[in-house]
Amino acid sequence: MEVQITADGSSTLFVPSMEEHYHSTNGAIQESQHVYIEAGFNQCKKKRIQVLEMGFGTGLNALLTCLEAQKRGVSVVYTSIEKFPLSLDLVDKLNYSKCLGLPANDLFRQMHESPWGEIIEIRPHFFLRKLHIDFADYLFADPCDVVYYDAFAPNKQAEVWEKGFFSSIYDTMLDMGVLTTYCAKGNIRRMLQEVGFTVFRIAGPPGKREMLRAVKD
């Protein structure tokens, strides 16, 4: 994997074997903030929010969510699924803490060093549980308020964009729960609708015209 700098100055990773980036080259932090924080997390007005992330990846979404939760004064239980964790050497090459003006890389590294399969209080009222498993092995037993669907693109990882995953999420999601994804493909929108979600095409992050937000009304 190669570390690359995106248009907003923040890092992403490029996977040559897949010809795929972890984030938008138009801005990694801008994309995550827009797609998952503003369009997803901040749409939930509860004081205790249960987040499910499909794809821990670089940990950027978790970092931004923790910072936003502290800002809002809400409690978060954050569950993230990842089959291919990054090495700490690679994590240390990512510049998110610097770009966000954090005093050190401690919070970001703590998230990556957090043991798999355990619920760890990373910061007061922010609990992280990372699961080192394939999406297909997740039981979808725990309720969730917000879902970040941040897998690689459907044309790169079609097996994780199946209707069964969306159906399982819908069944375990609490009322007025929100799912967001950078993907705006028509077949994904239709699958979300077919399992029961009300789906909205909304403005995408810089460089992308649209994205999807799905709500369980």
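Predicted model: local features only at pLDDT ≥ 70, side-chain atom pairs only at ≥ 80, totals over all residues.

Student: Which residues of α6 are buried, and what covers them?
Tutor: Buried residues have under 20% relative accessible area. In α6 this applies to Phe165, Phe166, Ile169, Tyr170 and Thr172. Their cover includes β8, β9 and α7 (186-194).

Student: How many residues of β8 are buried?
Tutor: Strand β8 spans residues 144-149 and is joined to β4 by 4 bridges, the two running parallel. β8 is mostly covered, and the count of its buried residues is 6 of 6.

Student: Which residues of β8 are the bridge partners of valine 51 and leucine 52?
Tutor: Both partners lie in β8, which runs parallel to β4. Valine 51 has valine 146 as its bridge partner. For leucine 52, the partner is valine 147.

Student: Why is β4 described as largely enclosed by the rest of the structure?
Tutor: Strand β4 comprises residues 48-54. It is joined by 7 bridges to β5 (residues 75-81), with the strands parallel, and glutamine 50 has valine 77 of β5 as its bridge partner. β4 is largely enclosed because its buried residues number 6 of the 7.

Student: At what angle do α1 and α2 pack, and what is the hand of their crossing?
Tutor: Helix α1 comprises residues 28-38, and its axis is 10 Å from that of α2. The packing angle is about 65°. As α1 passes α2, the crossing is right-handed.

Student: How many nonpolar, polar and charged residues does the contact of α1 with α2 have?
Tutor: From α1 come Ala28, Ile29, Ser32, Gln33, Tyr36 and Ile37, which meet Leu60, Asn61, Leu64, Thr65 and Glu68 of α2. By class, this contact has 6 nonpolar, 4 polar and 1 charged residues.

Student: What is the strand order of the open sheet of 8 strands, and which are its edge strands?
Tutor: The sheet has mixed pairing, and its order is β6-β7-β5-β4-β8-β9-β11-β10. From one strand to the next the twist averages 20°. An edge strand here pairs on one side only, which identifies β6 and β10 (198-203).

Student: In which sense do β6 and β7 pair, and which helix packs on the sheet touching both?
Tutor: β6 and β7 pair over 4 bridges in the antiparallel sense, with isoleucine 119 opposite arginine 129 in β7. The helix touching both strands makes about 175° with the direction of β6. It is the helix of residues 106-113, α5.

Student: What is the phi of glutamate 19, and is this residue buried or exposed?
Tutor: Most residues other than glycine have a negative phi. Glutamate 19, in the loop between β2 (11-15) and β3 (20-21), is not a glycine, yet its phi is positive, about 50°. Because its relative accessibility is 60%, glutamate 19 counts as exposed.

Student: With which residues is lysine 93 in contact, leaving aside its neighbours within four places in sequence?
Tutor: Lysine 93 is found in the loop between α3 (88-91) and α4 (96-99), and is exposed, with a relative accessible area of 56%. Its C-alpha atom is separated by 8.4 Å from that of serine 11, 82 residues apart along the chain. The residues in contact with lysine 93 are Val3 and Ser11.

Definitions and conventions. Residues numbered from 1 in each chain as written. Heavy atoms only, no water. Buried < 20%, exposed > 50% of the residue type's maximum accessible area, 1.4 Å probe, protein only. Pairing = 2+ DSSP bridges. Axes fitted to C-alpha atoms, helices over the stretch in contact; angles between N-to-C directions. Left-handed = near helix turned anticlockwise from the far one by under 90°. Contact = heavy atoms within 4.5 Å. Nonpolar A, V, L, I, M, F, W, Y, C, P; charged D, E, K, R; others polar.
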